[in-house]
Amino acid sequence: LEPESLERRWRLVHEKRPLIHCITNFVSMDLMANVLLAAGASPAMVHSLDEVEDFMKLASGLLINMGTLSSDWLASKKLAAKQAVALGK
């Protein structure tokens, strides 16, 4: 990406303050939340299979960290990704 494009995207995040649905592991959860907050976004760490489909309808985007895969969260990651694609996010 060109520097002008990065700057434009950075400003857009600050203006829009998007709600980002995050499914990550416990090791990086705090770090990812802080990075998104610093960028101007609103992170939401939603990983319950019962919540991801409905929450993805509210979110502006999805962040999935595939490190330290958990079988309990793998289904949530797949469902959230499928829902994000279906919603064009």
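I count Lys and Arg as positive and Asp and Glu as negative, leaving out His and the chain ends. I place each charge at NZ of Lys, CZ of Arg, CG of Asp or CD of Glu. On that basis, the mean positions of the 10 positive and 10 negative charges of the protein chain lie 5 Å apart.

I note that this is a predicted model, in which local features need pLDDT of at least 70 and side-chain atom pairs count only at pLDDT 80 or more, while totals for chains, interfaces and linings use all residues. Residues are numbered from 1 along each chain as its sequence is written, and side-chain values use heavy atoms, without hydrogens and water.

Fold. I took helices (H or I, at least four residues) and strands (E, at least two) as DSSP runs, numbered from the N terminus. I found four helices and three strands in the protein chain, in the order α-β-α-β-α-β-α from the N terminus on. I read about 40 × 30 × 20 Å for the span of the C-alpha trace along its principal axes.

Burial. I call a residue buried under 20% relative accessible area, exposed over 50% and partly exposed in between (1.4 Å probe, protein chains only). Of the 89 residues, 34% count as buried.

Helix 3. I looked up residues 49-58 and found V52, F55 and M56 buried. These residues lie on the same side of helix 3, because they cover an arc of only 105 degrees around the axis (from the directions to the C-beta atoms). The face turned away from the buried side carries the exposed residues D50, D54 and L58. With contact meaning heavy atoms within 4.5 Å, the buried residues of helix 3 pack against strand 1 (19-23), strand 2 (42-45), strand 3 (61-64) and helix 4 (71-86).
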